[in-house]
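Colleague: I want to learn how to read a few features in a model like this one. Can we go through them one at a time?

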Amino acid sequence: MKKPSKLPSDPDGPVEDGAFQPPRWADRLLEWFVAPHLLEYVQGDLHENFRKRVAQVGPARARREYVRQVMHCFTPFFTRRPAAQPFHRFDNEYANPPFFAMLSNYLTIAFRNLWRHKAFTAINIIGLAVGLATCLLIVLFVVHELSYDRYHADSDRIYRMTLYGRMDDKDIDLAYAPGPAGQALLRDCPGVEAVTRLRREGAFLVKHHQDIIKEENVAFVDSNFFSVFSIPMLKGHRVRALTEPNTLVLSQTVARKYFGETDPVGKTLSLGQLGLFRVTGVCADVPSNTHFHYDMFGSLNSVRNGSKWLASGAYTYLRLRKGYPIQQVEDQSRGFVARYIAPEIKEFFGQSLSEFRQKGNRFGFSFQPVTAIHLYSDLDDELEANSDVKYVYIFSVIALFILLLACINFMNLSTAGSAGRSREVGIRKVLGSVRRQLVVQFLAESVLLTLLALGLALGLVLLLLPGFNGLAGKQFTAADIFSIRILTGAIPACLLIGLLAGSYPAFVLSSFKPVTVLKGGLQAGLRSGWLRNTLVTGQFVVSIGILIATIVADQQLRFMQNKKVGFDKEQVLVLHDTHVLGSKFDGFKSELARLSSVVGVSAAGFLPAGASSQSVDGIQVRNGARTVIHRSKGYFIDEDYLPTLGIRLVLGRNFKKASPSESASVLLNEAAVRAYGFGNPAGGPAGSPIGRQLSTVGDGTEGSKRTYTVVGVVKDFHFESMHQHIAPLVMFYGEDHGQLALRIRTDDLPRLLNDIEQRWKAETGNPFAYSFLNDRFNTMYQSERRIGQLFGVFAGLAVLISCLGLFGLAALTTHQRTKEIGVRKVLGASVAGIVTLLLTQYLKLILIALAIASPIAGYTMSRWLGDFAYRIDIGWWIFALAGGLAASVAVLTVGYLAIKAALTNPVKSLRAE
Amino acid sequence: MKKTVLGELEELVLLVVAASSEDVYGVPVMEQLQQQTGRSFTIGAVHTTLYRLEEKGFLSSSVGGATAERGGRSKRLFALTAAGGQALLEMQQVRTRLWQSIPQGKLQLLGLSVNPM
């Protein structure tokens, strides 16, 4: 009917002219996405149409239209490549068989290959499995750490109110708030929806019929506690269970412990000196990812709650109304100081608020999200020792590093293992394999290996789980590992690792030229070793880094455990809960003192390690005309305390037994003498502290203010952990019956213990519990020890994996240098010479790795050490030791291969030429 | 061969190819469609339809000459096959039958002037 009219414009002119060209980028795009067999015609038509439009509507609009036209071509029809086009099949009768048809062949070949090189396969899979297992465990740990307190309904609206301040140049950062603060919040801040408080009163001896059991995890909470925190109530009313005094909610486990399968609601338990409590409910066990773990919740009104802001405390949680910012509550809480605390400052310190502030003292409240408590909060008197987000980061980084090591390793070993397969590649290429197919084949193999490794890793994790739980202080079960969340993460991750790790060998091997390969020529791709050398160096950087960290952590731990702590922590037995003896305490004490293997006995409620009474008081010191108040820790001790604990006296005298004047005497430690300006702790020209006077502030009432005379100075001892410098300590005369400390000297400890237990049983029906001071001391550094042990394990793993990688690399290069070694031997090289030749190559890599790792690890570890007031110096020998360890392990690994290569008969290695 | 259904655009494109005196390629088909229907079509849509018709056996294609304005790219020229003609005929018969079944004067009653096909 019609023919396209000929173009009116000059055909030669516009072609040269850029303005008359369609946009280049659109053309490129088109060329990229349109399948090649369709491209020519559609592009031709587009260009032709473009030229016509240029003549009709001008170049600018034509170009816009062109882009639109190109975009309209972005459809599956144009982008689909010919292999899937049914009609295209007629064009190419000898098309490549589809991927799935070849898959069975790939798998067969893969299994044959793996089977033929059993040792190699095993090393490869084990290396990756170890890496994956470590990574899985760390992921479990990190995910659990991050999940703390997120399960509460509206956890994003729950905050904890805390008190901070500064008094007498000492910072106060408490995890709790003053007792009345919660009520004030509800009254003064409209944005606060609910407030709930928690108090702890220490451990209780719980009596049920004739049994007395010590319960550590007892808390007293407001009745709405279970409405704010989503801990399910199994029996009893969620809101009304704890409204009355002396009512109690038990966790499921504890309820079963006391009442078995019978319904505990309505039954009674006796809680120490607080008397009878009626059980009104049973709640589910507090989930492990909560920042507190209590088993018994008493009603808050069963215990004394102070009404003073400065002399009471409760852990105070609040829930905000929806959409209400916490800043607003924070602003409103600033008014609390003037409104509520100022009158009390007047009462306690006799100062007005402005005077108080002038001295640099202050108070304030801060609010932390409940979800941040576990990882970010490190205040005084936390409900439990919290973790630190630092460790989450450290472990994540380590997991990443170990996974990286394992992947690099896997890559190196796969490349090395497939080096012998160049002939297979050659044959496949000759028979018509295209490069893409070969790539797919090798990728499939490496994915197969990864999945095998994942299976093994899961098995390993199951096996290691109990040990890991012990190390990390968690209770993971098999169900946690095989949870959907972990598996949906792990399987795709493994596929990805398989693809990434397999990509290098896949692309290198598939690039071989069949002619060269089949002729027996050298494989250029496998000869250039810089990439693998870099990878191995990288591996050793990581392992040497972790090694250095391990050595430093271990040294610091040893240092803390062996440092002179100022008291003799060996051979001290501590009996717990001796206050239950009541009036029989003194009799029991002197009875123990008469035992032949007991050197000394002392009432020791205050102890420098483990459970201890706490006392903090304001110490008023008159220095010339000025009166200064120092907030200092206090100990209440008897005359036997210093000898029993082995604390040395520097100056003056110890307390005297039962002298009435002693109640007005105090001992100071050296730090206190310095802090109070009492001159030189050792006496001398600056004036002796002996005979100086100080008085306590007490709770502000006249009766609690007392004046004391210093009678002696004790040598500084570590009564807090070594994270802190030794603080001033005031020791008052008085007996704290909380615990008994016994200095013992015996070879037959079980008999002594049995002996003491018999005497205990004769006095009281309460459980007999004891500990040793050095054990208690060591548990103070449990988290450091845990970190040290974990680092040790990771260092071992990192070195193991790196060595596997090194082994792979060495195997590959020695294989490639077989002929070179043959020629060298023929020319007269000795076995030792050849071994040295092969070894120096790797030692160089390790030296480079050491040079890179040392500054990084050294810097990081000095930051870690910065947390300790008493710490070791990082000596050069630590780096040397780490390097030496890495080098010697490497020599052992490579040495075997080097010797084997050097011993090969040159006739064999040169025969093929 | 199973009965093949023709879409509207497919039918139009098939008719345009049938109406041309010689083999045609994408650009003239598109122009013709625009002229006859007043709607605009993209090259991509026209090509997709042409290839689909070829796949169905209604058109056959060959490679044609290149010109300067195409940047030296060759054309894919399409021609009607017997099966294509048959399909058009069947389509026309269906339409005619349907037209005839419209009751007399119905369209006029709606105020439309009808030119009989």
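Modeller: Start with B:Glu10. The model is predicted. B:Glu10 is buried, because its relative accessible area is 7% and the cut-off for buried is under 20%.

Colleague: Which residue forms a salt bridge with B:Glu10?

Modeller: The general idea is that side chains of opposite charge can pair when their charged atoms come close. Here the partner is B:Lys56, with the closest N and O atoms 2.9 Å apart.

Colleague: Is A:Arg743 buried or exposed?

Modeller: A:Arg743 is buried, at 13% relative accessible area. A:Asp568 counts as partly exposed, at 36%.

Colleague: Now sheets. What is the strand order in the open sheet of four strands?

Modeller: The order is S15-S23-S14-S24 (chain A), and the pairing is antiparallel. Strand S15 (598-603) and strand S24 (770-772) of chain A stand at the edges with a single partner strand each, so one side of each has no neighbour in the sheet. On average, neighbouring strands are turned by 20 degrees against each other, direction ignored. S14 (residues 572-575) and S24 of chain A pair over three bridges. A:Val574 has A:Ser771 as its bridge partner in S24(A). Helix H26 (residues 773-780) of chain A packs on this sheet and touches S14 and S24 of chain A.

Colleague: Which residues of strand S6 of chain A are buried on each side?

Modeller: In a regular strand the side chains alternate between the two faces of the sheet. In S6 (residues 218-221) of chain A, A:Val218 and A:Phe220 are buried on one side, A:Ala219 and A:Val221 on the other. S6(A) pairs with strand S3 (residues 192-200) of chain A in the antiparallel sense. With strand S11 (residues 296-299) of chain A, S6(A) pairs in the parallel sense over four bridges.

Key:
Residues numbered from 1 in each chain as written. Chains lettered and ligands numbered in written order. Predicted model: local features only at pLDDT ≥ 70, side-chain atom pairs only at ≥ 80, totals over all residues. Heavy atoms only, no water. Pairing = 2+ DSSP bridges. Helix = DSSP H or I, 4+ residues; strand = E, 2+ residues; numbered from the N terminus. Axes fitted to C-alpha atoms, helices over the stretch in contact; angles between N-to-C directions. Contact = heavy atoms within 4.5 Å. Buried < 20%, exposed > 50% of the residue type's maximum accessible area, 1.4 Å probe, protein only. Salt bridge = Lys/Arg side-chain N within 4 Å of Asp/Glu carboxyl O.
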